[in-house]
Amino acid sequence: MSVATIRPYRSDDGPILSAIVRRCLREVNSRDYPADVIDRMCRHFTAERFDQLATVRQVWVLEEAGTPVGTVSRDGNKVFTMFVDPDRAGQGIGRRLMTHIEELAAADGHDHMETGASISGYGFYHRIGYVDVRESDTEFGLNYILRKPLRR
Ligand SMILES: CC(C)(COP(=O)(O)OP(=O)(O)OC[C@H]1O[C@@H](n2cnc3c(N)ncnc32)[C@H](O)[C@@H]1OP(=O)(O)O)[C@@H](O)C(=O)NCCC(=O)NCCS
(Lines give C-alpha, C1' and ligand atoms only; values in the text may rest on other atoms or scores of the structure.)
Protein backbone atom coordinates (compact mmCIF):
# COMPACT_ATOMS: atom_id res chain seq x y z
CA MET A 1 0.00 0.00 0.00
CA SER A 2 1.52 3.35 -1.02
CA VAL A 3 1.80 6.25 1.39
CA ALA A 4 -0.82 8.97 1.05
CA THR A 5 0.28 12.59 1.33
CA ILE A 6 -1.82 15.72 1.70
CA ARG A 7 -0.14 18.74 0.12
CA PRO A 8 -1.11 22.16 -1.24
CA TYR A 9 -2.33 22.53 -4.82
CA ARG A 10 0.25 22.97 -7.58
CA SER A 11 -0.58 24.52 -10.93
CA ASP A 12 0.04 21.21 -12.73
CA ASP A 13 -2.78 19.59 -10.65
CA GLY A 14 -5.50 21.46 -12.54
CA PRO A 15 -6.14 18.93 -15.33
CA ILE A 16 -6.24 15.85 -13.07
CA LEU A 17 -8.43 17.54 -10.43
CA SER A 18 -10.78 18.75 -13.14
CA ALA A 19 -10.98 15.16 -14.46
CA ILE A 20 -11.70 13.76 -10.96
CA VAL A 21 -14.45 16.33 -10.34
CA ARG A 22 -16.05 15.71 -13.72
CA ARG A 23 -16.03 11.93 -13.16
CA CYS A 24 -17.66 12.44 -9.75
CA LEU A 25 -20.30 14.68 -11.28
CA ARG A 26 -21.12 12.27 -14.11
CA GLU A 27 -20.89 9.03 -12.11
CA VAL A 28 -22.05 10.01 -8.59
CA ASN A 29 -23.75 13.41 -8.37
CA SER A 30 -25.79 12.74 -11.52
CA ARG A 31 -27.94 10.37 -9.41
CA ASP A 32 -29.16 13.38 -7.41
CA TYR A 33 -29.15 16.31 -9.85
CA PRO A 34 -30.65 16.88 -13.32
CA ALA A 35 -28.45 16.63 -16.39
CA ASP A 36 -28.44 20.38 -17.06
CA VAL A 37 -27.04 21.09 -13.57
CA ILE A 38 -24.38 18.40 -13.99
CA ASP A 39 -23.41 19.82 -17.39
CA ARG A 40 -23.14 23.31 -15.92
CA MET A 41 -20.97 22.10 -13.07
CA CYS A 42 -18.74 20.16 -15.46
CA ARG A 43 -18.24 23.33 -17.50
CA HIS A 44 -17.49 25.26 -14.31
CA PHE A 45 -14.76 22.94 -12.96
CA THR A 46 -12.06 23.41 -15.57
CA ALA A 47 -8.34 23.08 -14.87
CA GLU A 48 -8.10 26.89 -15.09
CA ARG A 49 -10.86 27.22 -12.47
CA PHE A 50 -8.69 25.31 -10.01
CA ASP A 51 -5.82 27.73 -10.71
CA GLN A 52 -8.21 30.63 -9.93
CA LEU A 53 -9.63 28.97 -6.81
CA ALA A 54 -6.11 28.39 -5.50
CA THR A 55 -5.57 32.16 -5.50
CA VAL A 56 -8.53 32.78 -3.14
CA ARG A 57 -8.66 29.57 -1.06
CA GLN A 58 -6.37 26.88 0.25
CA VAL A 59 -6.78 24.00 -2.18
CA TRP A 60 -5.50 20.68 -0.78
CA VAL A 61 -4.66 17.53 -2.70
CA LEU A 62 -4.36 13.99 -1.36
CA GLU A 63 -1.95 12.04 -3.54
CA GLU A 64 -0.78 8.47 -3.58
CA ALA A 65 2.41 7.47 -5.39
CA GLY A 66 2.46 10.95 -6.91
CA THR A 67 -1.10 10.75 -8.25
CA PRO A 68 -3.88 13.01 -6.90
CA VAL A 69 -6.91 10.97 -5.77
CA GLY A 70 -8.89 13.62 -3.88
CA THR A 71 -9.18 17.31 -3.16
CA VAL A 72 -10.79 19.73 -0.73
CA SER A 73 -10.56 23.51 -0.31
CA ARG A 74 -10.72 25.74 2.76
CA ASP A 75 -11.38 29.42 3.26
CA GLY A 76 -11.11 30.04 7.00
CA ASN A 77 -13.70 27.68 8.51
CA LYS A 78 -15.59 27.14 5.23
CA VAL A 79 -15.27 23.94 3.19
CA PHE A 80 -15.42 23.89 -0.61
CA THR A 81 -14.88 21.49 -3.50
CA MET A 82 -14.64 18.11 -1.74
CA PHE A 83 -14.17 15.39 -4.35
CA VAL A 84 -12.62 11.92 -4.29
CA ASP A 85 -11.80 9.78 -7.34
CA PRO A 86 -14.90 7.53 -7.70
CA ASP A 87 -12.64 4.46 -8.02
CA ARG A 88 -11.32 5.26 -4.52
CA ALA A 89 -14.58 6.16 -2.76
CA GLY A 90 -15.22 4.64 0.66
CA GLN A 91 -11.52 4.21 1.53
CA GLY A 92 -11.19 7.04 4.05
CA ILE A 93 -9.75 9.65 1.67
CA GLY A 94 -12.57 12.16 2.18
CA ARG A 95 -12.35 11.79 5.96
CA ARG A 96 -8.57 12.34 5.90
CA LEU A 97 -8.89 15.50 3.82
CA MET A 98 -11.60 16.86 6.10
CA THR A 99 -9.62 16.08 9.26
CA HIS A 100 -6.66 17.93 7.73
CA ILE A 101 -8.55 21.17 7.08
CA GLU A 102 -10.50 20.93 10.35
CA GLU A 103 -7.21 20.80 12.25
CA LEU A 104 -5.94 23.84 10.35
CA ALA A 105 -9.15 25.79 11.02
CA ALA A 106 -9.02 24.87 14.71
CA ALA A 107 -5.37 25.99 14.88
CA ASP A 108 -6.48 29.32 13.37
CA GLY A 109 -8.92 29.72 16.28
CA HIS A 110 -12.21 28.76 14.61
CA ASP A 111 -14.70 27.03 16.90
CA HIS A 112 -16.66 25.32 14.13
CA MET A 113 -16.36 24.21 10.51
CA GLU A 114 -19.08 24.93 7.95
CA THR A 115 -19.83 23.23 4.66
CA GLY A 116 -22.39 23.49 1.90
CA ALA A 117 -23.14 19.86 1.07
CA SER A 118 -24.68 18.59 -2.12
CA ILE A 119 -27.45 16.02 -1.80
CA SER A 120 -24.78 13.44 -2.72
CA GLY A 121 -22.32 14.59 -0.02
CA TYR A 122 -24.89 15.03 2.76
CA GLY A 123 -24.61 11.51 4.23
CA PHE A 124 -20.81 11.71 4.23
CA TYR A 125 -20.76 14.93 6.25
CA HIS A 126 -23.26 13.53 8.75
CA ARG A 127 -21.10 10.45 9.14
CA ILE A 128 -18.04 12.56 10.03
CA GLY A 129 -19.83 14.66 12.65
CA TYR A 130 -21.56 17.51 10.83
CA VAL A 131 -25.07 18.60 11.84
CA ASP A 132 -27.76 20.44 9.89
CA VAL A 133 -28.01 24.22 10.04
CA ARG A 134 -30.28 25.04 7.10
CA GLU A 135 -30.97 24.39 3.42
CA SER A 136 -29.74 26.74 0.74
CA ASP A 137 -30.54 27.24 -2.97
CA THR A 138 -27.43 27.76 -5.07
CA GLU A 139 -26.71 28.20 -8.77
CA PHE A 140 -26.09 24.43 -8.77
CA GLY A 141 -29.31 23.45 -6.97
CA LEU A 142 -30.15 22.40 -3.43
CA ASN A 143 -27.37 22.49 -0.82
CA TYR A 144 -27.36 21.69 2.88
CA ILE A 145 -25.45 23.97 5.21
CA LEU A 146 -23.89 21.84 7.93
CA ARG A 147 -21.55 22.57 10.82
CA LYS A 148 -19.20 20.67 13.09
CA PRO A 149 -17.78 21.99 16.36
CA LEU A 150 -13.98 22.12 16.42
CA ARG A 151 -11.80 21.32 19.39
CA ARG A 152 -9.24 24.04 20.07
C1 LIG B 1 -18.68 12.27 -0.68
C2 LIG B 1 -17.19 11.93 -0.83
C3 LIG B 1 -16.36 13.21 -0.77
C4 LIG B 1 -16.79 11.00 0.33
O5 LIG B 1 -15.39 10.68 0.22
P6 LIG B 1 -14.90 9.20 0.56
O7 LIG B 1 -13.42 9.16 0.49
O8 LIG B 1 -15.64 8.25 -0.29
O9 LIG B 1 -15.39 9.06 2.08
P10 LIG B 1 -14.72 8.21 3.26
O11 LIG B 1 -14.29 6.88 2.73
O12 LIG B 1 -13.68 9.03 3.94
O13 LIG B 1 -15.97 8.01 4.21
C14 LIG B 1 -16.01 8.40 5.58
C15 LIG B 1 -17.27 7.81 6.18
O16 LIG B 1 -18.41 8.38 5.52
C17 LIG B 1 -19.19 7.34 4.92
N18 LIG B 1 -19.68 7.86 3.64
C19 LIG B 1 -18.96 8.20 2.56
N20 LIG B 1 -19.77 8.68 1.59
C21 LIG B 1 -21.02 8.62 2.08
C22 LIG B 1 -22.29 8.96 1.56
N23 LIG B 1 -22.43 9.48 0.33
N24 LIG B 1 -23.38 8.77 2.34
C25 LIG B 1 -23.27 8.25 3.60
N26 LIG B 1 -22.07 7.92 4.15
C27 LIG B 1 -20.97 8.10 3.40
C28 LIG B 1 -18.24 6.18 4.74
O29 LIG B 1 -18.94 4.97 4.69
C30 LIG B 1 -17.38 6.31 5.98
O31 LIG B 1 -18.06 5.76 7.06
P32 LIG B 1 -17.33 4.86 8.18
O33 LIG B 1 -16.57 5.84 9.02
O34 LIG B 1 -18.43 4.19 8.89
O35 LIG B 1 -16.42 3.92 7.47
C36 LIG B 1 -16.89 11.19 -2.17
O37 LIG B 1 -17.60 9.99 -2.22
C38 LIG B 1 -17.19 12.02 -3.38
O39 LIG B 1 -16.29 12.67 -3.91
N40 LIG B 1 -18.46 11.98 -3.88
C41 LIG B 1 -18.83 12.68 -5.10
C42 LIG B 1 -18.64 14.16 -5.02
C43 LIG B 1 -19.43 14.77 -3.89
O44 LIG B 1 -20.61 14.56 -3.73
N45 LIG B 1 -18.71 15.56 -3.09
C46 LIG B 1 -19.28 16.26 -1.99
C47 LIG B 1 -19.65 17.60 -2.48
S48 LIG B 1 -20.47 18.49 -1.20
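Helices and strands here are DSSP runs, numbered from the N terminus, a strand having at least two residues. With that in hand, let's walk through this predicted model, starting at a loop and ending at the ligand.

Alanine 65 sits in the loop that links β2 and β3. Its phi is near 50°, a positive value in a residue other than glycine. Most residues other than glycine have a negative phi, so this one deserves a look in your viewer. Is alanine 65 buried or exposed? Its relative accessibility is 67%, and because exposed means over 50%, alanine 65 counts as exposed.

Glutamate 64 faces threonine 67 of β3 across the pair.

On to β3 itself, which spans residues 67-75 and is mostly covered, with 7 of its 9 residues buried. β3 also pairs with β4 (residues 78-84), again in the antiparallel sense, over 5 bridges. Here threonine 71 stands opposite phenylalanine 83 of β4. β3 and β4 form a hairpin too, with 2 residues between them, and glycine 76 in its turn has a positive phi of about 65°.

Threonine 81, found in strand β4, is another residue other than glycine with a positive phi, near 50°. Where alanine 65 counts as exposed, threonine 81 counts as buried, at 12% relative accessibility, because the cut-off for buried is under 20%.

The ligand takes up the space of the largest pocket. Which elements give two or more residues to the shell around the ligand? They are β4, α4 (93-107), β5 (112-117) and α5 (122-127). The largest share, 4 residues, comes from α5. There are 22 residues around the ligand, and those that come nearest are Gly90, Gly92, Gly94, Arg95 and Arg127.

| Residue | Protein atom | Distance to a ligand oxygen atom |
|---|---|---|
| Asparagine 29 | polar side-chain atom | 3.0 Å |
| Glycine 92 | backbone N or O atom | 2.7 Å |
| Isoleucine 93 | backbone N or O atom | 3.5 Å |

On its own, the ligand has 900 Å² of accessible area, and the protein covers 73% of that.

Notes: Residues numbered from 1 in each chain as written. Predicted model: local features only at pLDDT ≥ 70, side-chain atom pairs only at ≥ 80, totals over all residues. Heavy atoms only, no water. Buried < 20%, exposed > 50% of the residue type's maximum accessible area, 1.4 Å probe, protein only. Pairing = 2+ DSSP bridges. Near = heavy atom within 4 Å. Polar contact = N/O pair within 3.5 Å; in protein donor to acceptor, adjacent residues only side chain to side chain. Areas by Shrake-Rupley, 256 points an atom, 1.4 Å probe, with all protein chains shown as cover. 1 Å grid on protein atoms, 1.4 Å probe; cavity = no way out; pocket = protein on both sides within 12 Å on 5 of 7 lines; lining within 4 Å. Sits in = over half its atoms within 2 Å of the grid points.
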